[in-house]
Amino acid sequence: MDAELLKQYLADSPPTVVPLAIKPHFEALSDKEKLYAHHISIACFAGARIVLRQVSVESEPIYDFIIALHKHTSGDYASVAKEAGLSSEDLDAYLNYAAQFLGNLGNYKSFGDSKFVPRLEPRQLKALATVSPKTLELYAKFKDAIYAGTDVAKLHLGYPSAGHVSTYYPDSPDITQEEIAGVSDFLENKGLLPENTRVRKTSEGFEVLIASALDNPSSEQRDLKDSEWTLDDGKKVKLVFGDHSKEMKTIADHLELAQQYAANDNESKMMEEYTKSFRTGSLEAFKESQRYWIRNTGPEVETDIGFVETYRDPHGIRGEWEGFVATVNKERTKAFGSLVDAAPKLIPLLPWGADFEKDKFLSPDFTSLEVLTFAGSGIPAGINIPNYDDIRQNFGFKNVSLGNILSAKAPNEAVPFIKDADLAIYQKYRDPAFEVQVGLHELLGHGCGKLLQETEPGVFNFDEKNPPVSPITGKPITTYYKPGQTWGSTFGSIAASYEECRAECVAMALACEFPILKLFGFGDGKENIDGEAGDVLYAAYLSMARAGIAALEFWDPKSRKWGQAHMQARFSILRTFLNAGVEFCELEHNEEDLSDLTLRLERSKILSLGRPAVEDYLQKLHIYKSTADVENAKKLYEEITTVEPFYENYVRPIVLKKKTPRKVFVQANTVEEGGKVVLKEYEGDAKGMIQSYVEREYV
């Protein structure tokens, strides 16, 4: 492989390893709350192998190798390096890879879905493997897959038929996109939810693997009584239970134990439904757990666990395992509470009428959390769940902002593309601006909007005889969701990124409301672009534009596809800023190679040019989503996120040159001693990261 191209796929040197601070918040919990948190934390991390399995075939043996080598050395890597004939640079390259691997729970970046490979030479890695029979045996399982190889397509997650890697379709290298869609549509028509499934192509047809502790749940325990069908073309579709059965049993067992320490009936019922879901594979039971979760407002210990986000399945419907446990930061939660209270007055400020909005805003629980445990391939800054539209529209949802993730900083972090004149304001206000953005994005972005539906044959949630008038065309709408169609199934592979874009645009539009900035403690609520509230707003727009430039790291020139939903969205918002004209925003440089590329964004024009441009884009995004207008939605979104030659050939190379490693977090562990739970913390470095996993014996 071309050496210049290979550089993009080398592991970070070094990765940004940051300890996740939690001790004072954990110590404030009661003994009972600590036991509740402890058992759910084990359940979360017991799914770590599921995540590894969902990333790549080689991820599990690589994980086992990292753990086995640490146990063999008892953490004394200098001695083992000497024994294997490795230099200190070689050893650092191994430890850096191991830390990044554990931080992503796999050998593909959780943010971007591209493979990263060791900077350690293959012969040096083999020398390291020879120190024990166990490590050598594990090395043999992944030695041909851990490095880059010659096929660039295999360095990205995606559809197998496009040459990419996806273990959501195990042992099925020749499964086509059409076959995946066909099976998915068939099961959707049968009413089987897909989040906890994988699909395997066989000589007879397709096996749908369902994650469950039981490999043969009774027909009463299953969501569908039948488990095998024959398609029109003679191929069979068969449900196979017991995928990840060992892990699912551990998860269910610990959630059953957590139930004993639940603080109230909602928590107890939630744990009961989780346990049922993970034992039997029933996603109807999982949905029931989410209804109890929504009702459980203001808990001391907040948690959610399951096959949640569908970003990494190329088909956009199968969920990756994740789970979190966190304590509530009451001080920061107050600002979010004020935002929730103000929401019914804020939603009408958005660029669409009441016909395209929920009949009643279901006030969610909105809390700022300090994360104790987050098991999964990566940790977001905020979450808005559940992702089931029927629950969101009829029961509501929850928003959480993850405070200790937001505030985690690496020392001397570089900030490319921001002008020197803007650096002081950017560095001072980027965290508060991001907190405002996350709040608006999660609460009002994901929380607003109505899907116009024919909910069952002949029954509509709008007046079909006198349909709403689209603010885009000025004419009555002609498209809507048909019975059985969901947002995800209708919009398919663009759904995740498109929805993130819509939510980001809501945040960018409403961040211009000075009364909102006052809720977060900035300004007096009156418009003042030059005051402190204006500083926060300016930092928010600068951050978004900078993220739009940095996003190009996550676009692959070979497949010409985006590998990360949020970054595709942010690139489109940067383009929207630039389309507002040079009077508002421009990329500036003097050097031909763009090595001095910076962003000029006129603070004084945010309200007069920036916001209107965002709102015009947002209106289209929203109305097309609301009315199931896939054709216009795709045309709009694909056009604005197309990477043109200037961005591909000039901007992207400098982005790759200046990219900063994404943070990976060393998380504390909880240990039961004499009926009480204590917290065990680790050093914020690669060895601390590895040790924290070694001590999770149940993984």
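**Exercise 1.** Determine which residues of helix 11 and helix 12 meet, and describe the geometry of the pair.

*Solution.* Step 1: in helix 11, Met248, Lys249, Ile251, Ala252, Asp253, Leu255, Glu256, Ala258 and Gln259 meet Ser268, Met271, Glu272, Tyr274, Thr275, Phe278 and Arg279 of helix 12 (contact means heavy atoms within 4.5 Å; helices are DSSP runs of H or I with at least four residues, strands are runs of E with at least two, both numbered from the N terminus). The model is predicted: local features need pLDDT of at least 70, side-chain atom pairs count only at pLDDT 80 or more, and totals for chains, interfaces and linings use all residues. Residues are numbered from 1 along each chain as its sequence is written, and side-chain values use heavy atoms, with hydrogens and water left out.

Step 1: by class, this contact of helix 11 with helix 12 has 8 nonpolar, 3 polar and 5 charged residues (Ala, Val, Leu, Ile, Met, Phe, Trp, Tyr, Cys and Pro count as nonpolar, Asp, Glu, Lys and Arg as charged, the others, Gly among them, as polar).

Step 2: the axes of helix 11 (residues 245-259) and helix 12 (residues 265-280) come within 9 Å and cross at roughly 165° (axes are lines fitted to C-alpha atoms, for helices over the stretch in contact; angles run from 0 to 180 degrees between N-to-C directions). Helix 11 is therefore roughly antiparallel to helix 12 (an angle over 145 degrees).

**Exercise 2.** How many residues of helix 4 are buried, and what covers them?

*Solution.* Step 1: of the 8 residues in helix 4 (residues 48-55), 7 are buried (under 20% relative accessible area, 1.4 Å probe, protein chains only). Step 2: these are Ala48, Arg49, Ile50, Val51, Leu52, Gln54 and Val55. Step 3: the cover includes helix 3 (31-46), helix 5 (59-73), helix 7 (88-104), helix 11, strand 6 (301-307) and strand 7 (321-328).

**Exercise 3.** Are the faces of strand 16 covered or uncovered?

*Solution.* Both faces of strand 16 (residues 598-601) are covered, with Thr598 and Arg600 buried on one side and Leu599 and Leu601 buried on the other.

Definitions and conventions
Angles under 35 degrees count as roughly parallel, over 145 as roughly antiparallel, 65 to 115 as roughly perpendicular and the rest as oblique. Buried means under 20% relative accessible area, exposed over 50%, partly exposed in between (1.4 Å probe, protein chains only).
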